[in-house]
Amino acid sequence: ICIAPNTGVAEAIQQEAQEYLSAPPSMHLIPPWIVHDARTADERAHHTLARHTYAKLQQAGAKRFSDPAVIALQKRILQAQKRGDQDDVAALRGDMKKLSADLARSAIEAVRKEGEGKVDTQVVDLYAALPTYPGTNGDYRTTLQAISVRLGQIPLSDGQPSPGAERYSAGWGTVTRTGLVLSFPWLSLHDAFNGAPAFADWLCSKGCISLRYDLHPGGSLVDDEDQ
């Protein structure tokens, strides 16, 4: 937890951290707090725009689950299940699948219409090409990797992080903000010895003060004598 110097900085930190932490770990993105960033200013700008775009697509896609038409159809499916009408349930689920696909396409197009410069249209195109169900689909992994490249990745070797490349990375985490107060309730670092100082230095470089933190080692949460 820390206190940002002003609202603009607080919002920027929250956005940059959230865009990194909300991406799938398999993307192996460059963390915002990486030390000795070798990217040029243009590369960082391109990666930032791509991350903004990917986050917008994720958020837009998630909104379809609260769409009134989806909620109404869910109620009809529940009613059909209570009646034991399996034929109606199957038909309604088919309607739901089509509705969900239509809403997903509409959400993607809404982001695309923001236009080049405000969004990375190549990320939009790639996102639209993602198969609906990831599973073990090779096309899904290939397309996701193409998106990841545009978002900025740490060095990889045969599709996996090169030795030492993840020393500043986080596997997952969350960030919240209340006014100027930024909180990271959980931040799972691959290497706490390198990642934690780099993360703290990043916040300090933004002008944050009053940093407080706890470190929790990985492994079991019970005492050794209880195992």
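This is a predicted model: local features need pLDDT of at least 70, side-chain atom pairs count only at pLDDT 80 or more; totals for chains, interfaces and linings use all residues.
Local features are taken at pLDDT of at least 70 and side-chain atom pairs only at pLDDT 80 or more, while totals for chains, interfaces and linings use all residues. Residues are numbered from 1 along each chain as its sequence is written, and side-chain values use heavy atoms, with hydrogens and water left out.

Let's start with the sheet. Three strands make up an open sheet in the order E1-E6-E5, and their pairing is antiparallel. Strands here are DSSP runs of E with at least two residues, helices are runs of H or I with at least four, and both are numbered from the N terminus; two strands pair if DSSP finds at least two bridges between them. E1 (2-3) and E5 (176-178) sit at the edges with a single partner strand each, so one side of each has no neighbour in the sheet. Between E5 and E6 (residues 181-183) there are three bridges, in the antiparallel sense, and Arg177 stands opposite Leu182 in E6. Helix H1 (residues 7-21) lies across E5 and E6 and runs at about 165° to E5. That angle, on a scale from 0 to 180 degrees, is taken between the N-to-C directions of lines fitted to C-alpha atoms, for helices over the stretch in contact.

Next comes His47, which is part of helix H2 (residues 41-62). With a relative accessible area of 14%, His47 is buried (buried means under 20%, exposed over 50% and partly exposed in between, using a 1.4 Å probe and protein chains only). Leaving aside residues up to four places away in sequence, His47 touches Arg39, Val149, Arg150, Leu151 and Gly152, where contact means heavy atoms within 4.5 Å.

Then there are the rings. Rings of Phe, Tyr and Trp (its six-membered ring) pair if their centres lie within 6.5 Å; planes under 30 degrees apart are stacked, over 60 edge-to-face and the rest tilted. That rule gives six aromatic pairs. One of them joins Tyr20 and Trp33 edge-to-face, at 5.3 Å centre to centre and 85° between the planes. Tyr20 belongs to H1 and Trp33 to the loop between H1 and H2, so this pair ties together parts 13 residues apart in sequence. Trp33 also pairs edge-to-face with Phe199, with centres 4.9 Å apart and planes at 85°. Phe199 lies in helix H7 (residues 192-205), so here the parts tied together are 166 residues apart in sequence. Trp33 is buried at 2% relative accessible area, and Phe199 is buried at 11%. Ring pairs link Tyr20, Trp33, Phe184, Phe199 and Trp202 into a cluster.
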